[in-house]
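Student: I'm new to this structure and would like a close look at just one part of it. Please pick a piece that sits well inside its chain, and walk me through what surrounds it.

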Amino acid sequence: MKKIVNILFLLLLIFNNPYAYSNGEDLYNHHCSACHGINGDGGVGIPLSLPTFLDRASDEYLTKTIELGRPGRVMPAFSGIGESGITSIVNYIRSWSKKAAPVYEVSRINGDREAGKKLYLEHCVSCHGKEGSGGKGTGVTFSRSRALSIIAPSLGNEGFLTSASDHMIKDVIKQGRKGTPMMSFANKGLTDKQINNIVSYIRSLEDKKRVSHPDVLPPLLVYESEASIEETLAAIKKAIVGSNFRVIRVQRFDDGYVEKGKGDDKKIIIYFCNFNMLYSALAIDPRVGLFLPCRITLIEKNGKVKLMSINPATMSKKFNNDELLKLCDEMTSLYESIMEEATL
Amino acid sequence: MKIISRWTALFILCIGSITASAQDVMIARSLLAFPEAMSSLQNSIIDHKYTLSRVQRVDIGLKKAGFKTDLYRVVFFGKQEELKWISDTHPELSAYLPLKFAIFAEKDETVVVALNPVLYSEIADEKKLNVIYKRWAEDIKSIMSEFRKSE
């Protein structure tokens with residue numbers, strides 16, 4: 001019995017643990033490189049290998065960032081990797097720098113929050129947004145020029161505030177980050193006291209609660225039509241055009257899988273698009289191609305036609321990107337209004 | 001006591017594996033430029049015994065509409081018999097099928113993303129379907145792993 005348990009334990013360790021990578025580089029390549037680049041030069045995520053990033057980011061900051069992520073700002077929490085896995089990744093990222101990791105005091109900075117707020121509104125809000133909401137968009141592909149290698153972080157994000165100490169935030173404000181739009185505010189003439197005030201204001205953003213989307217949403221939008229599939233399709237097309245969208249393709253569900261002309265006429269997909277909306281969505285998050293362009297599926301069974309679409313509001317929750325929520329809510333309303341009109 | 005602690009460790013590892021693998025949106029990067037990465041992705045899909053039904057050229061549509069964009073495509077794939085069976089027996093799943101990858105250029109490299117099919121259990125949660133979702137998820141992971149290593 002003991003032998004069997006031992007063997008099972010070993011087998012599980014070797015084969016069943018998705019995080020059983022041998023070192024930090026492997027872990028980084030598996031979990032981080034898709035967004036941050038294989039050499040850490042950025043993409044959807046920030047350029048981690050930028051010297052002025054690593055010179056000011058403590059190991060504790062990197063560790064907590066990986067562990068907690070940035071709720072609502074694309075970067076997921078990787079707590080499942082485990083403490084040793086995260087340490088391996090941090091060590092690997094640190095190996096890109098010739099300098100030792102900075103170590104910051106953990107004590108809080110007690111500045112004047114109100115004075116800090118005024119300074120924040122004067123110097124920081126244009127990039128970091130109201131109440132530290134952060135820069136808009138993600139990914140160099142659609143929302144950022146390649147010359148601009150970073151989006152201003154959300155300073156009010158609970159993941160950021162838990163990861164960054166007051167003294168680290170102060171150091172970044174003082175020194176800036178060469179190679180990004182973040183300038184040195186010491187060079188711009190702000191005094192130590194003024195910077196302390198800004199830090200205290202940023203820390204006070206911890207008290208602002210993030211607005212969360214309702215958790216339980218149906219993954220599907222489904223309507224039924226009494227009309228034939230042909231009539232329903234014509235009604236959907238009319239409703240799509242009436243909503244300022246363009247029908248881009250109508251196909252059978254099994255087109256491409258069966259011989260041409262032998263597809264099932266009772267299972268139809270209609271694709272439609274508004275390119276302004278598509279472009280805006282891709283600028284917010286380049287991953288949304290997984291549910292765009294818009295699509296409604298029609299299936300006729302037992303004389304009834306079902307109209308179905310994904311629920312964008314549900315989908316948006318899978319992307320950990322709060323910027324998508326509003327747009328996806330609008331898309332859900334649009335789908336509902338088109339399908340409602342087509343089934344009247 | 002030793003045995004009990006081993007069992008506990010086993011249990012924790014199993015739970016850890018399940019939790020850790022629950023990625024909703026899967027993502028991978030290839031050092032290859034878009035044309036080569038796209039070709040590698042398509043070959044890998046076919047090697048995994050799927051039919052590649054269509055490639056939607058999102059960037060072409062955007063460019064025609066006057067937008068500046070990098071290369072961006074959506075690749076649809078599936079297995080005919082599975083798609084037929086599922087759309088006959090669980091038509092509600094059809095809105096999420098066929099399976100797809102979104103693939104886009106990032107400078108000289110290429111990024112691919114996919115939705116984890118295990119999420120479909122939120123729509124239809126049955127033993128037979130769950131086996132299929134899990135297999136799809138494993139295949140997508142394997143395709144992405146090959147994509148990551150493609151040269």
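Tutor: Let's begin with a word we'll need: a residue is buried if 20 or more other C-beta atoms lie within 10 Å of its own, exposed if 12 or fewer, and partly exposed in between, with C-beta atoms placed from the backbone. Also, this is a predicted model, where local features need pLDDT of at least 70, side-chain atom pairs count only at pLDDT 80 or more, and totals for chains, interfaces and linings use all residues. Residues are numbered from 1 along each chain as its sequence is written, while chains are lettered from A and ligands numbered from 1 in the order in which they are written.

Our piece is helix 5 of chain B, residues 127-149. Helices (H or I, at least four residues) and strands (E, at least two) are DSSP runs, numbered from the N terminus. Chain B has five helices and five strands, and from the N terminus they follow the order α-β-α-β-α-β-α-β-β-α.

How far should helix 5 of chain B reach from end to end? The expected span is 1.5 Å times one less than the number of residues. With 23 residues, helix 5 of chain B should span 33 Å, and because its end C-alpha atoms are 33 Å apart, the two agree.

Now look along its length. Buried in helix 5 of chain B are B:Trp136, B:Ala137, B:Ile140, B:Ile143, B:Met144 and B:Phe147. Keep in mind that an α-helix has 3.6 residues a turn, so residues three or four places apart point the same way. Across chain B, 38% of the 151 residues count as buried.

What do the buried residues of helix 5 of chain B pack against? They pack against strand 1 (25-30), helix 2 (34-47), strand 4 (99-106) and strand 5 (109-115) of chain B; a contact means two C-beta atoms, placed from the backbone, within 7 Å. Helix 5 of chain B lies across strands 1, 4 and 5 of chain B, at about 20 degrees to strand 1. Axes are lines fitted to C-alpha atoms, for helices over the stretch in contact, and angles run from 0 to 180 degrees between N-to-C directions.

Those strands belong to an open sheet of five strands in chain B, in the order 1-5-4-3-2, with antiparallel pairing. Two strands pair if DSSP finds at least two bridges between them. From one strand to the next, the twist averages 20 degrees. Strand 2 of chain B meets strand 3 (residues 72-78) of chain B through six antiparallel bridges, and B:Leu52 has B:Phe77 as its bridge partner there.

B:Leu41 touches B:Phe147 along with B:Val75, B:Phe101, B:Ile103 and B:Val112, leaving aside residues up to four places away in sequence. B:Leu41 also stands out in the largest nonpolar core, which has 122 residues: B:Leu41, B:Val112 and A:Ile198 have the most contacts inside it. Such a core is a set of buried Ala, Val, Leu, Ile, Met, Phe, Trp, Tyr and Cys residues joined through C-beta atoms within 7 Å. Helix 15 (residues 322-342) of chain A gives the most to this core, with eight residues.
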